[in-house]
Amino acid sequence: MNNYRTIYEAVGGHEGIGRIVGLFYPKVQRHPLLGPLFPEDIVPVMEKQQMFLSQFFGGPTLYSDAYGHPMMRARHLPFPITPERAEAWLSCMREALAETGMPEELQEIVIERLSGPAHHFVNTTNEQET
């Protein structure tokens with residue numbers, strides 16, 4: 001991350017986060033394990049994700065300002081999130097990050113930062129609950 005104080009700055013701020021989100025969600029929508037969990041109109045989800053990731057990576061508190069405390073585990077409880085889905089989500093994010101052209105070291109930092117929460121959201125091991 002060299003001269004950057006936050007991941008948010010290193011990935012290009014709000015615009016950089018927006019680019020990641022824009023590359024990420026088409027992959028999520030096409031993914032057989034993830035697509036069915038998301039609404040057809042993905043734009044509101046993308047907007048919230050951009051706000052959340054900006055805050056999560058050390059930028060402005062856009063998400064909290066608009067929606068209150070993130071409480072991400074609680075917000076994901078209505079959805080059956082399996083270990084396989086957590087890994088699929090991270091895989092889609094890896095692909096999106098690679099497409100941005102950001103340095104591999106930074107991609108690894110971003111994935112490492114997202115891996116803990118992705119696995120923390122797992123709330124079932126039963127694929128039949130979809």
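A residue counts as buried when its relative accessible area is under 20%, as exposed when that area is over 50%, and as partly exposed in between, using a 1.4 Å probe and protein chains only. By that rule, the buried residues of helix α3 are Gln 49, Gln 50, Met 51, Phe 52, Leu 53, Ser 54, Gln 55 and Phe 56. The structure is a predicted model, in which local features need pLDDT of at least 70 and side-chain atom pairs count only at pLDDT 80 or more, while totals for chains, interfaces and linings use all residues. Residues are numbered from 1 along each chain as its sequence is written, and side-chain values use heavy atoms, with hydrogens and water left out.

**Helix α3**

- Helices are DSSP runs of H or I with at least four residues, strands are runs of E with at least two, and both are numbered from the N terminus.
- The expected span of a helix is 1.5 Å times one less than its number of residues, so the 14 residues of α3 should span 20 Å, which agrees with the 20 Å between its end C-alpha atoms.
- The cover over the buried residues of α3 includes α1 (7–10), α2 (13–30), α4, α5, α6 and α7, where contact means heavy atoms within 4.5 Å.
- After α3 comes Gly 58, which has a positive phi, near 100°.

**The largest pocket**

- A pocket is found on a 1 Å grid over the protein atoms alone, as an open set of points with protein on both sides within 12 Å along at least five of seven lines, whereas a cavity is a set of points where a 1.4 Å probe fits but cannot get out; lining residues have an atom within 4 Å of a point.
- The largest pocket holds about 750 Å³ of space, a volume being the space filled by probe spheres set on the points, which are joined across faces, edges and corners.
- Its lining is made up of 26 residues, and Tyr 25, Phe 38, Gln 49, Met 72 and His 76 are those that lie nearest the centre.
- Two or more lining residues come from each of α3 (43–56), α4 (62–67), α5 (72–76), α6 (83–100) and α7 (104–120), and α3 gives the most, with 7 residues.

**Trp 89 in helix α6**

- Trp 89 belongs to helix α6 and counts as buried because its relative accessibility is 18%.
- Leaving aside residues up to four places away in sequence, Trp 89 touches Phe 24, Leu 34, Gln 49, Leu 114 and Ala 118.
- The C-alpha atoms of Trp 89 and Lys 27 are separated by 9.1 Å, although these residues are 62 residues apart along the chain.

- Gln 107, in helix α7, is buried because its relative accessible area is 14%, and a polar atom of its side chain lies 2.8 Å from the backbone oxygen of Met 102.
- Ser 115, also placed in helix α7, is buried with a relative accessible area of 19%, and a polar atom of its side chain lies 2.7 Å from the backbone oxygen of Ile 111.
- Arg 113 lies in helix α7 and is partly exposed, because its relative accessible area is 38%.
- A polar atom of the Arg 113 side chain lies 3.3 Å from the backbone oxygen of Phe 56.

Methods: Polar contact = N/O pair within 3.5 Å; in protein donor to acceptor, adjacent residues only side chain to side chain.
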